[in-house]
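Subject: Structure for you to look at

Hello,

I am passing on a structure that you have not worked with before. Please open it first and then read the notes below.

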Amino acid sequence: MAETVLSIRNLRKSFGALKATDDVSLDLCAGEIHALIGPNGAGKTTLIHQIAGAIKQDGGTIAFLGRDIGHLGVAARARLGLGRSFQISSLAAEFSALRNVMLAVQSQQGSSFRAFRRVMHDPSLTEPASKMLEQVGLAGRAHLPAAELSHGERRRLEIAITLALRPRAFLFDEPMAGMGPEGSKGLIGILNDLRQEAPILLVEHDMDAVFALADRISVLVYGRVVATGSVSEIRNNTEVRRAYFGEHH
């Protein structure tokens with residue numbers, strides 16, 4: 001049995017009368033992609049925020065690598081290896097793609113800020129950063145400012161930055177959003193390879209991507225997990241089809 005990297009038990013979060021997370025339990029195991037799907041307003045992003053530490057749960061536990069992390073903030077969880085993909089707005093737009101990743105490598109090494117010129121020629125930063133850009137298919141765009149990258153390329157850059165932080169698990173919240181078919185196809189390939197580095201909890205609306213990638217799928221409806229199973233089990237689950245795909249028969 002694969003090691004359980006992330007274990008969520010009976011998680012609850014309410015905003016007034018709205019139960020955003022209603023007694024949610026799920027696991028993320030080593031080497032897997034566990035997709036979280038559900039209609040708009042199901043509570044998927046709220047759940048990811050709780051796991052990342054941006055929202056405090058009202059009850060229940062979040063254990064990461066066997067340790068209760070429910071009381072820790074975002075930065076402390078990231079230091080333990082919980083890698084949440086950055087939003088595009090957090091990229092330093094004027095810096096090159098390479099420099100953006102180097103900053104992440106530098107923060108991971110705990111090295112203090114050094115003279116810019118020296119940093120740009122420091123192989124302990126440039127080599128891992130270049131490798132991560134290559135991993136996400138951006139080797140040829142390394143010296144372009146982030147602002148000049150396409151939407152899809154910036155999503156890839158976010159993943160390279162997350163990789164630089166050496167995560168033990170990835171949290172991805174709709175990485176395919178705003179991507180065309182070609183961009184999605186490329187990103188599916190990247191995520192498929194990433195599971196070798198660390199397991200992925202994936203929130204995604206693109207069902208083609210979910211069915212192509214997921215080892216397991218959990219379906220969230222009104223803050224509750226109504227089903228967890230393999231792709232074929234979820235595709236054939238009548239309750240899921242009714243709740244998620246709007247089927248009434």
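**Valine 101 and the cores**

Leaving out neighbours within four places in sequence, valine 101 is in contact (heavy atoms within 4.5 Å) with Ala129, Met132, Leu133, Leu157, Ala160, Ile161 and Ala164. Val101 belongs to the largest nonpolar core, which has 36 residues. A nonpolar core here is a set of buried Ala, Val, Leu, Ile, Met, Phe, Trp, Tyr and Cys residues joined through side-chain atoms within 4.5 Å. Buried means under 20% relative accessible area, exposed means over 50%, and partly exposed is in between, with a 1.4 Å probe and protein chains only. Val101, Leu133, Leu157, Phe172, Leu191, Leu194 and Ile200 touch the most other members of this core. At least two core residues come from each of helix H3 (97–109), helix H5 (123–135), helix H6 (151–164), strand S7 (169–173), helix H7 (181–194), strand S8 (200–203) and helix H8 (207–213). Another core, of 23 residues, lies apart from that one, and Leu11, Leu47, Ile48 and Leu72 are among its members.

**What kind of model this is**

The model is predicted: local features need pLDDT of at least 70 and side-chain atom pairs count only at pLDDT 80 or more, while totals for chains, interfaces and linings use all residues. Residues are numbered from 1 along each chain as its sequence is written, and side-chain values use heavy atoms, with hydrogens and water left out.

**The chain as a whole**

The chain has 10 helices and 10 strands; these are DSSP runs numbered from the N terminus, with helices (H or I) of at least four residues and strands (E) of at least two. A compact globule of 249 residues would have a radius of gyration near 18 Å, and the 19 Å of the chain agrees with that. That radius is taken over C-alpha atoms, and the globule rule is 2.2 Å times the number of residues to the power 0.38. Along the principal axes, the C-alpha atoms fill a box of roughly 65 × 40 × 40 Å. Of the 249 residues, 48% count as buried. Among contacts with a separation of 6 or more, 65% are between residues 24 or more positions apart.

**Helix H1**

Helix H1 (residues 44–52) is largely enclosed by the rest of the structure, because 7 of its 9 residues are buried. The buried ones are Lys44, Thr46, Leu47, Ile48, Gln50, Ile51 and Ala52. Leu47 and Ile48 are also among the members of the 23-residue core. Just after H1, glycine 53 takes a positive phi of about 105°.

Most residues other than glycine have a negative phi. Aspartate 23, in strand S2 (residues 18–29), has a positive phi near 65°. Its relative accessibility is 35%, so aspartate 23 counts as partly exposed. Tyrosine 222 also has a positive phi, near 50°, and is found in the loop between strand S9 (216–221) and strand S10 (224–229). At 68% relative accessibility, tyrosine 222 counts as exposed.

**Two more residues**

Serine 25 is in strand S2 and is partly exposed, with a relative accessible area of 28%. Not counting residues up to four places away in sequence, serine 25 touches Ile8, Arg9, Asn10 and Val225. Serine 25 and glycine 53 are 28 residues apart along the chain, and their C-alpha atoms are separated by 17 Å.

Methionine 207 is in helix H8 and is buried, with a relative accessible area of 14%. Methionine 207 and alanine 2 are 205 residues apart in sequence, and their C-alpha atoms are 25 Å apart in space.

Regards
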